Amino acid sequence: MKNSCVQISILITSVLLSSLAMAAPETYKIDNAHSFANWTIRHVASKTSGTFSDVTGKVLIDQDNLANSSVEAKINVLSINTSHAKRDEHIKKEDYLDAVKFGEMTFVSTKVTAKNSTEGVLTGNFTMHGVTKEISFPFKLLGFGTDPWGGYRTGIEAHTMIKASDYGFGWAAKVGAPVGDDIEVTLLIEGVKLAPEKASK
């Protein structure tokens, strides 16, 4: 009888420990001081690059089932930086980004296809220059860790390629245009874990 009670106790403890080990989905706020949307595009016979440094939003990560994860992000078009102030102002004008009229890019995920516990493909609706299209691109969770201020963070890296002409940019469709149509994008995202009561807001 005593052995049976011990065995039952061990079984209950194992079940409780297993349930605790299953991590609940976590919500991370994108830290726009440490997150970047970097891009590269052809310029004449070479390439030029820059970044959008104001990236905000939330990332939901389910470490037990990456397919249950999701992303909502915004990019402030006015935050473009090519390390050349005069060029930045030119790019913001109507000839290119028309940043006054279309000051924001957005991405809302619709599906995550997991490759393994840290890699997958993110699919969602991307809006730029007033045009929304579904895009898919690979991503990787770089890791998790405690920051110097007592917070808990994650890092995400993703790569994709979009065509400027798909989003209504006429300059990209012109034959012999000095600026190319293909835009290579690298997303470097750092998120700070939110407390449950803040995650739903």
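Q: Which residues form one aromatic cluster?
A: Y28, F144 and Y152 do. Rings of Phe, Tyr and Trp (its six-membered ring) pair if their centres lie within 6.5 Å; planes under 30 degrees apart count as stacked, over 60 as edge-to-face and the rest as tilted.

Q: What kind of model is it, and how are residues numbered?
A: This is a predicted model, where local features need pLDDT of at least 70, side-chain atom pairs count only at pLDDT 80 or more, and totals for chains, interfaces and linings use all residues. Residues are numbered from 1 along each chain as its sequence is written, and side-chain values use heavy atoms, with hydrogens and water left out.

Q: How many aromatic pairs does the structure hold?
A: Six. One of them is F107 with F137, tilted, at 5.5 Å centre to centre and 55 degrees between the planes.

Q: Where in the chain are those two?
A: F107 is in strand β7 (residues 104-114) and F137 in strand β9 (residues 131-146), 30 residues apart. Strands are DSSP runs of E, at least two residues, numbered from the N terminus.

Q: Is F107 buried or exposed?
A: F107 counts as buried, because its relative accessibility is 8%. Buried means under 20% relative accessible area, exposed over 50%, partly exposed in between (1.4 Å probe, protein chains only).

Q: OK, switching to T123: which side chain does it have a polar contact with?
A: S136, at 2.7 Å. A polar contact is a pair of N or O atoms within 3.5 Å; within protein, one must be able to donate a hydrogen and the other to accept it, and residues adjacent in sequence count only if both atoms are side-chain atoms.

How values were computed
Helices (H or I, at least four residues) and strands (E, at least two) are DSSP runs, numbered from the N terminus.
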